[in-house]
Amino acid sequence: PANDRILHSCPPPARQATLCSTPRGGSPGAETKTHAASDDFAIWQGRYSPDGRWILFNAQSRKVLGTSVLHIVPVTGGAWTRVTAETLWADKARWSPDGRTIYFISNRNGAFFDVWGIHFDPATGPTVGEEFRVTNLDNPGRHLYASAAADLGVSQSRLVVPIVETTGSIWLLGSPKK
């Protein structure tokens, strides 16, 4: 089962960021399985689905800068299935607790990042329907913090989203000395 294995970046001699798993509590020589690898993409943020049948991951294009696409692959191996558009940025993908929704951060409608979602069929694998917007943060004074250090949290009833509120003041300084 998937929860008997830990997802991680593949160790050397892998030349690029790839996604592997190793048995939990395995020795240094334990069997490492490669789940996703490509010379065209850097692979990040691997997550097992709640039922352990699927792996969700982020594939950042090495050829088309500024694009990052979410994919899924069966734990048993096989072809990648694209979840998000190939021409946009999607990151920090997380499964809902029931495995029927994938949440992610994207700036698909402009300069600001928002949380988006897409429904997923855990029995057969493809996504269901269109992507839907969860947040609508279009104010530079209150925006989603979408750096490498940011993350999404998902529970049964809540999404935890890193939002930054920026305030400012105008300071009046005294006259410069003559």
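The structure is a predicted model, in which local features need pLDDT of at least 70, side-chain atom pairs count only at pLDDT 80 or more, and totals for chains, interfaces and linings use all residues. Residues are numbered from 1 along each chain as its sequence is written, and side-chain values use heavy atoms, with hydrogens and water left out. The chain has 15 strands and 0 helices; both are DSSP runs numbered from the N terminus, with helices being H or I of at least four residues and strands E of at least two.

**Overall dimensions and burial**

- Taken along the principal axes, the box filled by the C-alpha atoms is roughly 75 × 40 × 35 Å.
- Of the 178 residues in the chain, 37% are buried, where buried means under 20% relative accessible area, exposed over 50% and partly exposed in between (1.4 Å probe, protein chains only).

- An open sheet of 3 strands runs in the order 1-2-3 with antiparallel pairing; two strands pair if DSSP finds at least two bridges between them.
- Strand 1 (5-9) and strand 3 (33-36) are the edge strands, each pairing on one side only.
- Neighbouring strands of this sheet are turned by 35 degrees against each other on average, direction ignored; the axes are lines fitted to C-alpha atoms, and angles run from 0 to 180 degrees between N-to-C directions.
- Strand 2 (residues 19-23) pairs with strand 3 in the antiparallel sense over 3 bridges, and L19 has A36 in strand 3 as its bridge partner.

**Disulfide link**

- The count is 1 disulfide, defined as a pair of cysteine sulfur atoms within 2.5 Å.
- C10 is joined to C20 with an S to S distance of 1.7 Å, and the link is right-handed, with 95 degrees about the S-S bond.
- Because C10 lies in the loop between strand 1 and strand 2 and C20 lies in strand 2, the pair ties together parts that are 10 residues apart in sequence.
- C10 is buried at a relative accessible area of 15%, and C20 is also buried, at 2%.

**Largest pocket**

- The largest pocket holds about 160 Å³ of space; a pocket is an open set of points on a 1 Å grid over the protein atoms alone, with protein on both sides within 12 Å along at least five of seven lines.
- Its lining consists of D40, F41, S61, K63, V64, T67, V69, H71, R82 and E86, lining residues being those with an atom within 4 Å of a point.
- The lining divides into 4 charged, 3 polar and 3 nonpolar residues.

Conventions:
On a 1 Å grid over the protein atoms alone, a cavity is a set of points where a 1.4 Å probe fits but cannot get out, and a pocket is an open set with protein on both sides within 12 Å along at least five of seven lines; lining residues have an atom within 4 Å of a point. Grid points are joined across faces, edges and corners, and a volume is the space filled by probe spheres set on the points. Ala, Val, Leu, Ile, Met, Phe, Trp, Tyr, Cys and Pro count as nonpolar, Asp, Glu, Lys and Arg as charged, and the others, Gly among them, as polar.
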